[in-house]
Amino acid sequence: MNAADNTAEAWEAAYLRFETPEQEIAKFTRRLVRLGAREWPRDAAVAELFCGRGNGVRALARLGFHRLEGVDVSQRLLALCPPEHGRHCADCRALPFASASQDILMVQGGLHHLAVLPDDLERVLKEAARVLRPGGRLVVVEPWPTPFLSVVHAACRQPWLRRIFHKLDALAEMIEGERHTYEQWLRQPEVVLRCLEANFETERKFTGWGKLMWVGRRGGAEVISN
Ligand SMILES: C[S@@+](CC[C@H](N)C(=O)[O-])C[C@H]1O[C@@H](n2cnc3c(N)ncnc32)[C@H](O)[C@@H]1O
């Protein structure tokens, strides 16, 4: 195993112990409701991008959505996703879906893993616009530089707090493993918003408690795949 595999495995171990599956599903369900999911048609084709171990897919299933798929680059995490839904091992910069085939795309905590900003973000957003039907929704939940996040970062620097709060310790380890892309993301909120708003029409936007929660609609014109 090389150094990159070791880092990925250590990051995944911290991600898996950050919250229990039930805690994560409850968190994702609350977010989905806040973002308007109860108003979305239950027969919508929904894909969770950067789906990790698939608890976002499970939350969508509990809300009654049934045409569900997940995409992630990690085969290890995909193996933990619910097998009754589609699972795709792929890089979200090149989505494994036909043009105009999806109604809703979800991203929770995936975009801040992209290596190059804004280029990789633009690639994902162009792909999202290609695979969404006109009027389809892109839903994004990502870390955001709010005062609360600064407090969390300060807490992560305190070893004694990490010893007491295991969730904080797991978070600190994840941040350590993704530090370059995480900091690059948090340094450029204006660039991120400009990219989102250039590709989609904003339907909802909240920032607070260290998160951006955003829903954009794809415009009406057809996007030709290349
Ligand atoms: C912070 S996790 C979020 C997972 C899940 N959305 C959640 O909230 O539990 C980020 C995920 O993005 C995946 N990932 C990173 N870069 C990717 C890429 N270019 N394409 C697809 N998945 C990627 C990682 O394997 C990881 O599972």
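The legends below describe close-up views of a predicted model. Residues are numbered from 1 along each chain as its sequence is written, and side-chain values use heavy atoms, without hydrogens or water. Because the model is predicted, local features need pLDDT of at least 70 and side-chain atom pairs count only at pLDDT 80 or more, while totals for chains, interfaces and linings use all residues.

**View 1. The shell around the ligand.** The ligand is surrounded by 17 residues, where a residue is near if one of its heavy atoms lies within 4 Å. Tyr15, Phe50, Asp72, Cys92 and Gln108 are the closest. The shell is made up of nine nonpolar, five polar and three charged residues. Here Ala, Val, Leu, Ile, Met, Phe, Trp, Tyr, Cys and Pro count as nonpolar, Asp, Glu, Lys and Arg as charged, and the others, Gly among them, as polar.

View 2. A polar contact is a pair of N or O atoms within 3.5 Å. The side chain of Tyr15 places an N or O atom 2.7 Å from an oxygen atom of the ligand. Phe50 uses a backbone N or O atom, which lies 2.8 Å from a ligand nitrogen atom. A polar side-chain atom of Asp91 is 3.0 Å from a nitrogen atom of the ligand. The ligand taken alone exposes 600 Å², and the protein buries 89% of that (Shrake-Rupley method, 1.4 Å probe). Helices α1 (3–18) and α2 (21–34) are the elements that give two or more residues to the shell; helices are DSSP runs of H or I with at least four residues, and strands are runs of E with at least two.

**View 3. Lys27 in helix α2.** Lys27 is found in helix α2. Lys27 is buried, with a relative accessible area of 17%; buried means under 20%, exposed over 50%, and partly exposed in between. Leaving aside residues up to four places away in sequence, Lys27 touches Phe18 and Glu19 (heavy atoms within 4.5 Å).

**View 4. Two aromatic pairs.** The structure holds four aromatic pairs, defined by ring centres within 6.5 Å, with planes under 30 degrees apart counted as stacked, over 60 as edge-to-face and the rest as tilted. Trp11 and Tyr15 are stacked, at 5.2 Å centre to centre and 15° between the planes. Both residues lie in helix α1, four residues apart, about one turn of the helix. Trp11 is buried at 17% relative accessibility, and Tyr15 is buried at 14%. The ring centres of Phe200 and Trp214 are 6.3 Å apart and their planes are at 80°, so this pair is edge-to-face. Phe200 lies in the loop between α10 (189–199) and β6 (201–208) and Trp214 in strand β7 (residues 211–217), so the pair ties together parts 14 residues apart in sequence. Phe200 and Trp214 are both buried.

Definitions and conventions: Polar contact = N/O pair within 3.5 Å; in protein donor to acceptor, adjacent residues only side chain to side chain. Buried < 20%, exposed > 50% of the residue type's maximum accessible area, 1.4 Å probe, protein only. Phe/Tyr/Trp six-rings, centres within 6.5 Å; stacked < 30°, edge-to-face > 60°.
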